[in-house]
Amino acid sequence: MLITNGNVVTMETPNRILSGGALLVEGGRIADLGPSAEMEAAYPEAQRLDAAGRLVMPGLICAHTHFYGAFARGMALGGEPATNFPEILEKLWWRLDKALWPDDVHYSALVCLVDAIRHGTTTLIDHHASQKHIAGSLDQIAHAVEQAGVRACLCYEVTDRDGEQAARAGITENVRFIRRTRARQLEGDLRLGAAFGLHASLTLSEATLETCAELGRQMGTGFHLHVAEDKADQRDSLRRSGLRVVERLAKAGILGPQTIAAHCVHVDRIETEILLDSGTMVVHNARSNMNNAVGTADLRWMLKIGIPVGLGNDGFSNNMFTEMAVAYLAQKQASGDPRTLPADQVVQMAWDHNARIGRAFFPGLGPQFGQLAKGAPADLILVDYDPPTPLDAGNLPWHIIFGMDGSRIDSTIVGGQVLMRHRQLLTLDEAEIMAKARELADNLWRRV
Ligand SMILES: [Zn+2]
């Protein structure tokens, strides 16, 4: 396939924009790129896809999400509203995840994947919980991912909050899925990845942490967990172990260059040094942090010392353009300094850092994953954007924050497969998925 007449944003370092550019896609990867006229002459036989002057950009990556939360949209909980983060977990998420049946898990994922394709998010890193249906739950999500055609890294959140048996089942589900996924990746199937999921320090015993760390070591797999999202996590860790959360996790052997620490809102300077030294990847989720009123992560510091902080949505919409804009604004508001987190840093988090995080779970995608370059996976989006002011590689980040949005995505392509063309979904039946989801959600709400 030859994608012609695009303004190709390569997202390399340094970034380039090839105006009137074309990309040749072969075997799911970018085989060549250059000026459209030259490429059309060089590859006369290739099937054409006309970008018609749109921006062609690498697809977005969401580095932390929860597909299972999709049916919470509009759900009434009754009773007194939650007054703090632990109450939000108890009154909302831990009631919801216990009420999920396998079909709910599958359709929650499909709902999120429709949203992802529509907004140009082509790779997602999910963190799943369905405490009454643990065994096989990751297969329900994997099936949805395969139907959609995106890439996703899945894991099950191990927790001690529902007793020993559920914790053991969570561990077994991770091990099973990691082995299955690794075998598939070795055969060349790079749609699915796997991490070892853990909920958070505040619901994990020393014994469970030790067991998981040992299994992770044996399998050579990193972890995906919530870290110091709220002050409650620090209070609990100090009470339990006399250590702060990051110190406790480091001692247990959970941190490392393949581990995602989501949030890190309440980490001190020593903890950020430990995250840096261990190579742990941090994922920021601005909308979720604001919604839960847990505080604001010190991105300025973490980025300054060199932690590759990425961006997730923690279950909010898969419109990563909104997530970027909110992160940009929230950091300024919270710091009282308009110099905090300039647009180029947000864009670096969303593309460069998120690609680095993605590669930890999809090593086969190669070093150019997240860029439009020869040899890179053909994960790309066409964006309707006719700029009212001059646009170049240097000022692109400000156009992204102030002018672009996920609603402007015209086409979404993953591994060379077109998932959406002119806003028409080609792999998923949106109307059928939403109708079935409403029916399932209605039943789920009665159970909750
Ligand atoms: Zn989360």
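Modeller: F402 counts as exposed, with a relative accessibility of 59%, whereas Y328 is buried at 8%. Buried stands for under 20% relative accessible area, exposed for over 50%, and partly exposed for what lies in between, using a 1.4 Å probe and protein chains only. The model is predicted, so local features need pLDDT of at least 70 and side-chain atom pairs count only at pLDDT 80 or more, while totals for chains, interfaces and linings use all residues. Residues are numbered from 1 along each chain as its sequence is written, and side-chain values use heavy atoms, with hydrogens and water left out.

Rings of Phe, Tyr and Trp (its six-membered ring) pair if their centres lie within 6.5 Å; planes under 30 degrees apart are stacked, over 60 edge-to-face, and the rest tilted. The count by this rule is 4 aromatic pairs. One of them joins Y68 and W93 edge-to-face, at 6.3 Å centre to centre and 85° between the planes. This pair links distant parts of the chain, 25 residues apart, with Y68 in the loop between strand 6 and helix 2 and W93 in helix 2. Helices (H or I, at least four residues) and strands (E, at least two) are DSSP runs numbered from the N terminus. Y68 is buried at 7% relative accessible area, and W93 is partly exposed at 24%. The Y328 and F402 pair is edge-to-face because the ring centres are 5.6 Å apart and the planes stand at 90°. Here, too, distant parts of the chain are linked: Y328 is in helix 12 and F402 in helix 14 (residues 396-402), 74 residues apart.

A charge sits over a ring if NZ of Lys or CZ of Arg is within 6 Å of the ring centre and within 35 degrees of the ring normal. R269 lies over the face of W301, 3.7 Å from the ring centre, and R447 over that of W101, at 3.6 Å.

As for the metal, the zinc ion has the protein donors H64 (NE2), H66 (NE2), H226 (NE2) and D314 (OD), at 2.0 to 2.2 Å. Donors are N, O and S atoms within 2.8 Å of the metal (3.2 Å for Na, K and Ca); water is not among the atoms, so sites may look incomplete. The donor residues follow the spacing H-x1-H-x159-H-x87-D in sequence. H66 is in the loop between strand 6 (60-65) and helix 2 (85-99), and D314 in the loop between strand 14 (310-311) and helix 12 (320-335), so the pair ties together parts 248 residues apart in sequence. H66 and D314 are both buried.
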